[in-house]
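Please open the model in your viewer and keep a selection panel at hand.

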Amino acid sequence: MVADAASRAAELSDAALAGDRLALARLLTAVENGTPTAEAALRRLYPTAGRAHLVGITGPPGSGKSTLVAALIAEVRAAGRTVAVIAVDPSSPITGGALLGDRVRMQAYASDDGVFIRSMASRGHAGGLASTSTAAAAVLDAAGFDLVLVETVGTGQSEVEVAAMADTTVVLESPEMGDEVQAIKAGLLEVADLVVVNKGDKPGAQRTAAQLRAMLVAGAPRTDRDGVSERPRPKRPDVLITTAASGAGVPELLAALDRHRAAGRVGESSAARLARAESQVFAIVAQRLRTRLGDPSHAAETKALVGEVAAHRLDPYSAADRLLDEAERG
């Protein structure tokens, strides 16, 4: 079984690196399903990744994320560069598949070898991403795409996770919809590298951009009346205005992305790179621990301990310690 997975992984990986889009699609399906083939392939491909510009695009529902992604694709291709898109959609409660299917919305690029678009179902994963989005992005990175765009699901309240995987995080807002308030509640503005007010042809777009710029004023932390210091804002993202439907402002957005990428290559601290790597490694550790504890050899004890916690006969910390000890022995 392991040998078969390794053989299949080598076959798919080599074909994907050679430009075989069907092999790339099959490899991404394996990644999304969490198969042994996917893990073997990622072990082979990861050393060749790290060259693409990974851009996360997030924001409240109705802000025009998919329309902006389509406009960015056109701009990137006009510049002679390649682009891959991971479009994370809500899951069907029946099949678990993606409900919206961004590949349908972007059919204009179906025959373009310089564009690859993949819809992924969130499958209930919180944070606006699918649980396998980071691994899928690594595969597309290794496959040689210049940009990898990751469009989050659009829940509006839990999408900050994308910042842990992206080189540049773009947060979209719409004018006169109160979305800037939602962004603050979700913490989106704190993770933004660029803030884009989309639908710039609507009344109020300039006012919304001005309000956002005022909110994002960087400065020294202040102290409130109780003597508690505010957390200093780590960065002051640029605020841009676009009208994705017409393409207005999109060239400026791509230029801003390129500037942020260039600045990151020169000035990004090792701490930021380590934080992204830590996020990936810890996610794999958590998933493997959950899988191991769900194995039949551990399932009975896990269920019993959870029952003890539910009955308040055991505290959750002691239960967690026992499960970790059991996983280590197993």
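Of the contacts in the chain with a separation of 6 or more, 74% are accounted for by residues 24 or more positions apart, where contact means heavy atoms within 4.5 Å. What is shown is a predicted model, in which local features need pLDDT of at least 70 and side-chain atom pairs count only at pLDDT 80 or more, while totals for chains, interfaces and linings use all residues. Residues are numbered from 1 along each chain as its sequence is written, and side-chain values use heavy atoms, with hydrogens and water left out.

Colour by secondary structure next: the chain has 13 helices and seven strands, taken as DSSP runs numbered from the N terminus (helices H or I, at least four residues; strands E, at least two). If you colour by accessibility instead, buried residues make up 42% of the 330 residues in the chain; buried means under 20% relative accessible area, exposed over 50%, and partly exposed in between, with a 1.4 Å probe and protein chains only.

**The core**

Select Leu 24, Ile 86, Leu 140, Phe 145 and Val 148, which touch the most other members of the largest nonpolar core, a group of 33 residues. A nonpolar core is here a set of buried Ala, Val, Leu, Ile, Met, Phe, Trp, Tyr and Cys residues joined through side-chain atoms within 4.5 Å. At least two residues of this core come from each of α1 (2–17), α2 (21–33), α3 (36–45), β2 (83–89), β3 (115–121), α6 (133–142) and β4 (147–151), and α2 gives the most, with six residues.

Centre the view on Val 148 and show its surroundings: once its neighbours within four places in sequence are set aside, Val 148 is in contact with Ala 52, His 53, Leu 54, Val 55, Ala 84, Ile 86, Ala 137, Leu 140 and Asp 141.

**Helix packing around α2**

Now show α2 and α6 together, which pack at an angle of about 160 degrees with their axes 9 Å apart; axes are lines fitted to C-alpha atoms, for helices over the stretch in contact, and angles run from 0 to 180 degrees between N-to-C directions. That angle makes α2 roughly antiparallel to α6, since angles over 145 degrees count as roughly antiparallel, under 35 as roughly parallel, 65 to 115 as roughly perpendicular and the rest as oblique. To see the contact itself, select Leu 24, Leu 27, Leu 28 and Val 31 of α2 with Ala 135, Ala 136, Val 139 and Leu 140 of α6. These residues divide into eight nonpolar, no polar and no charged, with Ala, Val, Leu, Ile, Met, Phe, Trp, Tyr, Cys and Pro counted as nonpolar, Asp, Glu, Lys and Arg as charged, and the others, Gly among them, as polar.

Keep α2 and bring in α3: the two helices pack at an angle of about 115 degrees, with their axes 8 Å apart. Here Leu 27, Ala 30 and Val 31 in α2 meet Ala 38, Ala 41, Leu 42 and Leu 45 in α3, a contact of seven nonpolar, no polar and no charged residues.

**Single residues**

Move to Gly 62, in the loop between β1 (53–58) and α4 (65–78), which is partly exposed with a relative accessible area of 44%. Not counting residues up to four places away in sequence, Gly 62 touches Ser 174 and Lys 199.

What is the phi of Lys 199? Lys 199 has a positive phi of about 60 degrees although it is not a glycine. Most residues other than glycine have a negative phi. Lys 199 lies in the loop between β6 (194–197) and α9 (205–215).

Select His 260 in helix α10 (residues 250–267), where, leaving aside neighbours within four places in sequence, His 260 is in contact with Asp 167, Thr 168 and Asp 193. His 260 and Asp 167 are 93 residues apart in sequence, yet 8.6 Å apart in space, C-alpha to C-alpha.

End at Pro 237, in the loop between α9 and β7 (238–241), which is buried with a relative accessible area of 7%. Beyond its neighbours within four places in sequence, Pro 237 is in contact with Ala 192, Asp 193, Leu 194, Val 195 and Leu 216.
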